[in-house]
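Hello,

Here is the structure we talked about passing on. Please have a look, then read the notes below.

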Amino acid sequence: MNETAKILLVDNEPKGLLALEAILEPLGQKLITARSGQEALRHLLAHDFALILLDIQMPDLDGFQTAELIRGRERSRHTPIIFLTASYESEVQVFRGYALGAVDYVFKPLQPDILRSKVSVFVDLARTTNVVRKQAAELEAANKDLESFSFSVSHDLRAPLRAIDGYSNILRESCGDKLGDENNRVLGKILESTRRMGMLIEDLLAFSQLGRRAVVAAEIDMEALAREVVDELCSAPGQQVRNCVLKQLPVGWGDRSLIRQVWLNLLSNAIKFTGAREVPSIELGGVSEDARNVYYVKDNGAGFDMRYYDKLFGVFQRLHSEKEFAGTGVGLAIVQRVVVRHGGRAWAEGKSGEGATFYFALPKKGPVSESSSQSGGRK
């Protein structure tokens, strides 16, 4: 059932208001009348309107002055206004009306069918807008609930997982020589599973926390940041980053700590998926375009089949088995979410067995979007 829209009718002539009510009554909407600009403004304090029909020629506050005051209030700033006039206004007056937010002019004497048609369009538009707003609010609330749930569950799971890992290690140290080969193998599987579960929990916590912290944007020396990440990964125990070429990167704009996660996840992926190559190759680069900077991480590793591209940035989505490449399937979700929160875009190209290139584009210096993303990863 369609919700009844409110329409404000403003005319200092009682006959004019009566005519408007008679014409619009068949539409079945709630009609509220005002005989002056001041009375119209009082109604706007109490109601939100789908449309305002506003007579231009009124004493004290005329239609233009009333419209200017309506536009000055945040709550009614975007409410459409149709001006009513008994004579053709000069071009200067017409432009003034449009500048004040008029969407149309209607001339007296009123043509009932034409007026009803025009009003119906704005009533339908208001309904659609309200539906979209409600859906957006519901989606935002659902995302916040999901983030809170993910954070709480992940946080609460860490304590029992540490206990499982700790007691398993105690058992191995105190009774390992008495358990036998098969029991030791089973115990090893338990420890390995707790390690993987721990990684998954940490990644899930990192993902859920992305929507909890504000984006603090500033200029970023991308070359220095990328080099910092490369050096960190090179210094990790047992890690080898061979043939990693860092090309010139344009200076970026964003939250340095968040963009650092992007480089860290993309480069970690490249290292992982080139691990089986006899001569691994990784390249980091970027270019400056008109309104954005584009950065990339290219490798000659395992690649991926483009037929499954839609899964690439999905949370917990994996294009390779755990036996082939370890991981939790959250890394690229973090990449996508960080980039989208910056008002940018992340994408990839690849071919199975021939490597992949992951790109992310960030707007040049400007406002940062706080929108959330619904994506995830190959990692």
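Helix H6 (residues 222–234) packs against helix H7 (residues 256–273) at about 50 degrees, with the axes 10 Å apart. Axes are lines fitted to C-alpha atoms over the stretch in contact, and angles run from 0 to 180 degrees between N-to-C directions. H6 and H7 are therefore oblique to each other (under 35 degrees is roughly parallel, over 145 roughly antiparallel, 65 to 115 roughly perpendicular, the rest oblique). On the H6 side, the contact (heavy atoms within 4.5 Å) includes Met 222, Leu 225 and Val 229; on the H7 side, it includes Ile 259, Trp 263 and Leu 267. By class, there are 11 nonpolar, 1 polar and 4 charged residues (Ala, Val, Leu, Ile, Met, Phe, Trp, Tyr, Cys and Pro are nonpolar; Asp, Glu, Lys and Arg charged; the others, Gly among them, polar).

This is a predicted model: local features need pLDDT of at least 70, side-chain atom pairs need 80 or more, and totals for chains, interfaces and linings use all residues. Numbering starts from 1 along each chain as its sequence is written, and side-chain values use heavy atoms, without hydrogens and water.

Overall, the protein has 8 helices and 12 strands (DSSP runs: H or I of at least four residues, E of at least two, numbered from the N terminus). Of its 379 residues, 41% count as buried (under 20% relative accessible area, 1.4 Å probe, protein chains only).

Thr 85 lies in strand S4 (residues 81–85). Thr 85 is buried because its relative accessibility is 1%. Tyr 105 is 20 residues from Thr 85 in sequence, yet their C-alpha atoms are 7.3 Å apart.

Best wishes

Terms used
Buried < 20%, exposed > 50% of the residue type's maximum accessible area, 1.4 Å probe, protein only.
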